[in-house]
Amino acid sequence: LVDAMHLNDGELVVFTLQLLETISEMVQGPEQTNQEAVISSNFLAGCNRVLSQIVYAPVEETKAINMDCSTNDLRSWLKSDLVGCILALLESCNDAEVPKRMLEFFELRNVTNQ
């Protein structure tokens, strides 16, 4: 996915953004079964991997892609949607194990460094 941004493949990034929005909607509210399914998958590890690899380019180096936005715009949207999806997993979560499990996966510096 991060390679897609370097290769100027905006369509793949947009598809990923749509997928993240779908997952967010699927787990929002007291959808405990869906939350457990996402938590027990490799989703959190994938989020951590993507968040750790998102690096913004200097403004003068951002390429205009075929979508009227820069690669930095896509990176920002991707990061925002990832964090939003993670937040949706915590929404109305009654199980204390879910936040603990998330802490095992995430290197918070990946979210805060940029």
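What follows is a working chat about a predicted model of one chain.

Colleague: What should I know before I read the numbers?

Modeller: This is a predicted model, where local features need pLDDT of at least 70, side-chain atom pairs count only at pLDDT 80 or more, and totals for chains, interfaces and linings use all residues. Residues are numbered from 1 along each chain as its sequence is written, and side-chain values use heavy atoms, with hydrogens and water left out.

Colleague: What share of the residues is buried?

Modeller: Of 114 residues, 35% count as buried, meaning under 20% relative accessible area with a 1.4 Å probe, protein chains only.

Colleague: Which residues of H5 are buried?

Modeller: Thr 71, Asn 72, Leu 74, Arg 75, Leu 78, Lys 79, Leu 82, Cys 85, Ile 86, Ala 88 and Leu 89.

Colleague: What span should H5 have?

Modeller: H5 covers residues 71-90, and its 20 residues should span 28 Å at 1.5 Å a residue. The expected span is 1.5 Å times one less than the number of residues. The end C-alpha atoms of H5 are 29 Å apart, which agrees.

Colleague: What follows H5?

Modeller: Ser 92 follows H5, and its phi is positive, near 55°.

Colleague: At what angle do H5 and H6 cross?

Modeller: Roughly 150°, with the axes of H5 and H6 (residues 97-105) coming within 10 Å. Axes are lines fitted to C-alpha atoms, for helices over the stretch in contact, and angles run from 0 to 180 degrees between N-to-C directions. H5 and H6 are therefore roughly antiparallel, a label for angles over 145 degrees.

Colleague: Which residues make the contact?

Modeller: Ile 86, Leu 89 and Leu 90 of H5 and Val 98, Pro 99 and Met 102 of H6. Contact means heavy atoms within 4.5 Å. By class, that gives six nonpolar, no polar and no charged residues. Ala, Val, Leu, Ile, Met, Phe, Trp, Tyr, Cys and Pro count as nonpolar, Asp, Glu, Lys and Arg as charged, and the others, Gly among them, as polar.

Colleague: And H2 with H3, at what angle do they pack?

Modeller: H2 (residues 10-27) and H3 (residues 32-40) pack at about 135°, with axes 8 Å apart. That makes H2 oblique to H3. Ile 23, Met 26 and Val 27 in H2 meet Asn 34, Gln 35 and Val 38 in H3. This contact has four nonpolar, two polar and no charged residues.

Conventions. Helix = DSSP H or I, 4+ residues; strand = E, 2+ residues; numbered from the N terminus. Parallel < 35°, antiparallel > 145°, perpendicular 65-115°, else oblique. Buried < 20%, exposed > 50% of the residue type's maximum accessible area, 1.4 Å probe, protein only.
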